[in-house]
Amino acid sequence: IQGGVKGKLIIVEGDFEDAYKYLKLNILDTFDKPDMQIYVELDGRTYKTEVIDDNEHPRFNHPIPITWNVEMKTIKFTGVEVDNFDLGFSNDEVFHQYVNPHGFKGYEMLSTELVDKKNKLTIKFEPERGIPNCPW
């Protein structure tokens, strides 16, 4: 694993049924399903998925190229309910979670279900090559 392991961090899917419970509801929200987008902050860059409209269980399947290494820094995930109607409402953050994938088995932290309140996000790391069980 010297030099790191290249691969893809995949933002797989989410469960945002509780997205509106943590926002100030208005009459439109009670009849609407969330329009979700995920922001990922990694190594000083911000990546974002496409917006998935009207879906409490969006499937993003969005790959982000990464190089995992034992000194990898914390990755921040933010789920945003996007205002698509241009009615003067702002986008609302309904999910926040951090992953610290450092250490010899840190890559395992990149294939998991992240939970914030009752909202969930599934991520998966797909390395380009196998990672040995014993790093030395």
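Throughout this tour, buried means under 20% relative accessible area, exposed means over 50%, and partly exposed is what lies in between, with a 1.4 Å probe and protein chains only. With that in hand, select Phe16: at 1% relative accessibility, Phe16 counts as buried. We will come back to this residue.

A word on what you have open. This is a predicted model, in which local features need pLDDT of at least 70 and side-chain atom pairs count only at pLDDT 80 or more, while totals for chains, interfaces and linings use all residues. Residues are numbered from 1 along each chain as its sequence is written, and side-chain values use heavy atoms, with hydrogens and water left out.

**Stop 1: the whole chain**

Show the cartoon and colour by secondary structure. You will find zero helices and eight strands, so the run from the N terminus reads β-β-β-β-β-β-β-β, because helices (H or I, at least four residues) and strands (E, at least two) are taken as DSSP runs and numbered from the N terminus. Of the 136 residues, 38% count as buried. Contact here means heavy atoms within 4.5 Å. Among contacts in the chain with a separation of 6 or more, 63% are between residues 24 or more positions apart.

**Stop 2: the sheet with β2 and β5**

Select β3, β2, β5 and β6. These four strands form an open sheet in the order β3-β2-β5-β6, with antiparallel pairing; two strands pair if DSSP finds at least two bridges between them. Look at the edges: β3 (45–48) and β6 each have a single partner strand, so one side of each is left without a neighbour in the sheet. Neighbouring strands of this sheet are turned by 20 degrees against each other on average, direction ignored. For such angles, axes are lines fitted to C-alpha atoms (for helices, over the stretch in contact), and angles run from 0 to 180 degrees between N-to-C directions.

Zoom in on β2 and β3, which run antiparallel and are joined by four bridges. Pick Leu42 and you will see Arg45 of β3 opposite.

**Stop 3: the sheet with β1 and β8**

Next, select β4, β1, β8 and β7. They form an open sheet of four strands in the order β4-β1-β8-β7, again with antiparallel pairing. Its edge strands, β4 and β7, each pair on one side only. From one strand to the next, the twist averages 25 degrees.

Glu13 has Thr122 in β8 as its bridge partner.

**Stop 4: the nonpolar core**

Nonpolar side chains tend to be buried together in soluble globular proteins. A nonpolar core is a set of buried Ala, Val, Leu, Ile, Met, Phe, Trp, Tyr and Cys residues joined through side-chain atoms within 4.5 Å. The largest one here has 27 residues, of which Ile11, Phe16, Phe77 and Leu121 touch the most other members. Two or more residues come from each of β1 (5–15), β2 (36–42), β4 (59–68), β5 (75–81), β6 (92–99) and β8 (119–127).

Show everything around Phe16. Leaving out residues up to four places away in sequence, Phe16 touches a set of residues including Pro34, Met36, Ile38, Phe60, Val94, Phe95 and Leu121.

**Stop 5: two aromatic pairs**

How many aromatic pairs does the structure hold? There are two. Rings of Phe, Tyr and Trp (its six-membered ring) pair if their centres lie within 6.5 Å; planes under 30 degrees apart count as stacked, over 60 as edge-to-face and the rest as tilted.

Phe16 and Phe95 make an edge-to-face pair, 6.0 Å centre to centre with 85 degrees between the planes. This pair links distant parts of the chain, with Phe16 in the loop between β1 and β2 and Phe95 in strand β6, 79 residues apart. Phe95 is buried, at 0% relative accessibility.

Now select Trp68 and Tyr107. Their ring centres are 5.2 Å apart and their planes are at 80 degrees, so this pair is edge-to-face. Trp68 lies in strand β4 and Tyr107 in the loop between β6 and β7 (112–116), 39 residues apart. Both Trp68 and Tyr107 are buried.

**Stop 6: two positive phi values**

Most residues other than glycine have a negative phi. Select Asp54, in the loop between β3 and β4, where phi is near 45 degrees. Asp54 is partly exposed, with a relative accessible area of 45%. Finish at Asn61 in strand β4, whose phi is also positive, near 45 degrees. Asn61 is partly exposed at 43% relative accessibility.
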